[in-house]
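Student: I have a new structure to read. Can we go through it feature by feature?
Tutor: Gladly. Let us look at it together.

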2 protein chains.
Amino acid sequence: LDTGLVTGGSFIAVDWGTTNRRAYLIADGEIVGSLEDTLGILAVPSNGYPSAIAALRDALGDFPVLLAGMVGSDRGWKNAGYIECPASLRALAAGIRRVSTDIALVPGVCSIVRDRGDVMRGEEIQLLGAVAAGKTPADALLCQPGTHCKWVRMKAGAIAGFTSVMTGEMFALLRNHALIGSVMTGEVRDGDAFRQGVIRSGEQDLLAALFGVRPASILGLRHDADAAAYVSGLLIGADCRAQIGTGDKVHILATPSLGALYAAAIQEIGGETNLVDSHDAFCAGIARIWELIQ
Amino acid sequence: LDTGLVTGGSFIAVDWGTTNRRAYLIADGEIVGSLEDTLGILAVPSNGYPSAIAALRDALGDFPVLLAGMVGSDRGWKNAGYIECPASLRALAAGIRRVSTDIALVPGVCSIVRDRGDVMRGEEIQLLGAVAAGKTPADALLCQPGTHCKWVRMKAGAIAGFTSVMTGEMFALLRNHALIGSVMTGEVRDGDAFRQGVIRSGEQDLLAALFGVRPASILGLRHDADAAAYVSGLLIGADCRAQIGTGDKVHILATPSLGALYAAAIQEIGGETNLVDSHDAFCAGIARIWELIQ
């Protein structure tokens, strides 16, 4: 595949999201340098990408750059489009968009089933990388918690289909803007309040259970310090219950703290879990795409 | 019952909510004057109630005043407490809180079932008034759509139990603050998009269906002008499905426009509906409480 990228063993891989960015210097498949900051696409003006890339090279070295995530959307630098499911690392590599001789964007993945559509951008590298690195089976259910949690069905090592859920965004909406937000001041961690939320999510519809946070405070039925963890349990519980049944095994790609909450919820409702480090998975995936485009 | 209120055939009844207020001059059970404004409790300083009442009397006449709604909460003028379910008009009348010889507050209603609590304040007058006026049966399922939709089980003419759902507040949160809010610019009315939302609410979990609004826009699967009506259908559909089954009859107390949306959703999922004017119901209820405290 002639991509016009300078070939060689070393390159800079960037997982460039909406509010955060992680860059890795990868040499012969190994991470030899990295940086992480809050220079997501919202913080970069539309004409600011060349200088942002130059700054990355100042920090990590003057190497070719492979970009994934929201940087490849119409809100980012240039739109790299979407690969339709089933989507493999090979299909992503074949679909890269070249910006210059030594900078390229990886496309996202979309799913269209009848009138239901879904999109991801950036997560696909982690998902496919987890399989490529042998961290998850080639046929498995994967979950990437976050602002928009992804539930992904992998078949033969490719993304066969997926569903996005606004779990994390909903938590932030409620805490920052809802009437119940005023009592959602406590810490969110696994514990009795979180588990009660997970259990309640199986007993009552979500919009009613969420309203109940305020009367529970007014009537003294729950400590206000527990409200945020309880709401997190309600949302994560509702999210997991819609996707899995008893005995299902879920491979979770997440940071340790958020991964632990999902693992607790999945175990509470009878599923099994395997935690996979999402940074390692990203690097495995992007390194494989790099190999494929040489 | 000696309440200290000046007795007589005429009084001013106020349905005083968080953001709106409706006042009625009622003479011998008939509405002979009314006013409506946006002077909800959020717009009245804590020491501003005596002058607000004086202004009401300037407008409607120098009569005794009976206040219901959030004005009787700890965020309003004075806390009038709650009557526990089952709650009748007689129990509300017995629980009024006198502010002066000719001004009184009606308490709210609370429900505590094991560790689940719920509260209402103002809605109870409409609900019990609908029954007292013969607009709904003494044993029935009533629904009051709104910011916090109430589903109420009436038994022998009293409020036996109820559930509040943050349907209206969630719609506002999504439109004003969520990522999908940017496409929720169209009109909300009954039609194909609204009905599609009601149907989808039975096929997919709410947090996943809500996320789907954005990919549907990106992938061109739904006109952006239809997004707000579709989201309304999702939320109202999820709300109704959690409360009713096929063939259930729901008595809806609402303004005509919101009542029509709930009636459409309930009919779409196989229920039957009866629309009751909520203003008439309030006046019937508050007039009955007035009689009881003479």
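Student: In which kind of contact do the side chains of B:Glu187 and B:Arg189 meet?
Tutor: First, keep in mind that this is a predicted model. The side chains of B:Glu187 and B:Arg189 meet in a salt bridge, at 3.6 Å from N to O. B:Glu187 is exposed, with a relative accessible area of 57%. B:Arg189 is partly exposed, at 49%.

Student: Which residue forms a salt bridge with B:Arg57?
Tutor: B:Asp102 does, and the closest N and O atoms are 3.2 Å apart. This pair links distant parts of the chain, 45 residues apart. B:Arg57 lies in helix α1 of chain B, while B:Asp102 sits in the loop between β6 and β7 of chain B.

Student: Is B:Arg57 buried or exposed?
Tutor: Buried means under 20% relative accessible area. B:Arg57 has 16%, so B:Arg57 is buried.

Student: Now strands. How many residues of strand β13 of chain B are buried?
Tutor: 5 of its 6 residues are buried, and the strand is mostly covered. Next, check its partners. Strand β10 of chain B runs parallel to β13(B), joined by 3 bridges. B:Cys143 stands opposite B:Ile252 there. Strand β14 of chain B also runs parallel to β13(B), with 6 bridges. In that pairing, B:Lys249 stands opposite B:Glu272. The chain gets from β13(B) to β14(B) through helix α9 of chain B, in a right-handed β-α-β crossover.

Student: How many residues of chain B are in contact with chain A?
Tutor: 42 residues of chain B touch 43 residues of chain A. The two chains bury about 3800 Å² between them, 68% of it on carbon and sulfur atoms. In chain B, B:Arg116, B:Leu207 and B:Phe211 lose the most area to chain A, together 18% of what that side buries.

Student: How many salt bridges are there between chain B and chain A?
Tutor: The count is 4. A:Arg200 forms a salt bridge with B:Asp115, with the closest N and O atoms 3.0 Å apart. A salt-bridge network also links A:Asp115, A:Arg116, B:Arg200 and B:Glu203.

Definitions and conventions:
Residues numbered from 1 in each chain as written. Chains lettered and ligands numbered in written order. Predicted model: local features only at pLDDT ≥ 70, side-chain atom pairs only at ≥ 80, totals over all residues. Heavy atoms only, no water. Buried < 20%, exposed > 50% of the residue type's maximum accessible area, 1.4 Å probe, protein only. Helix = DSSP H or I, 4+ residues; strand = E, 2+ residues; numbered from the N terminus. Pairing = 2+ DSSP bridges. Right-handed = clockwise from strand over helix to strand, strands pointing away. Contact = heavy atoms within 4.5 Å. Buried area = accessible area lost by both parts, 1.4 Å probe.
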